[in-house]
Amino acid sequence: MTNTVEQIINITDVAVDKFQEMLFDADKRESYLKIAIALEGTQMHYHIDIKDELEEGDKVYNFKDLKVVINDEDELLLKGLEIDYVQDEFGSEFTLHNPNMIEIYDEEDGGCCGNGCCCGH
């Protein structure tokens with residue numbers, strides 16, 4: 001486990017507060033919020049989960065009292081990720097945006113790799 005000063009991701013205060021509220025409601029105040037990349041076919045998706053214990057290669061990033069865990073293997077792909085929590089007249093949700101994530105169209109497989117839609121290909 002590594003506690004690090006340099007944040008590779010950004011979580012807005014509103015999102016931090018909402019994550020903390022969710023952990024509190026689940027009676028998981030001392031748990032970690034783990035952010036990872038999940039591969040599904042040629043698509044990469046973000047995966048956010050609550051973990052009670054750290055695994056080998058996990059690094060802990062602190063946002064107020066929220067402990068966020070990112071594994072060494074996912075660190076490069078998560079660098080630059082921005083997480084926010086938005087609420088409007090239609091509902092509320094966490095939004096994730098990574099300006100460093102690029103979309104690659106795979107001509108051979110006819111699909112995309114990355115975060116986003118391959119509309120127009």
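Let me start at a turn: strand 5 and strand 6 make a hairpin with 2 residues between them, and K64 in that turn has a positive phi of about 55°. Strands here are DSSP runs of E, at least two residues, numbered from the N terminus. This is a predicted model, where local features need pLDDT of at least 70, side-chain atom pairs count only at pLDDT 80 or more, and totals for chains, interfaces and linings use all residues. Residues are numbered from 1 along each chain as its sequence is written, and side-chain values use heavy atoms, without hydrogens and water.

Now the pairing, which takes at least two DSSP bridges between two strands. Strand 5, residues 58-63, is antiparallel to strand 6, with 6 bridges. Within this pair, F63 sits opposite L66, and V60 sits opposite V69.

What stands opposite V69 from strand 3? That is K34. Strand 3, residues 32-40, runs parallel to strand 6 and is joined to it by 2 bridges.

Methods:
Helices (H or I, at least four residues) and strands (E, at least two) are DSSP runs, numbered from the N terminus.
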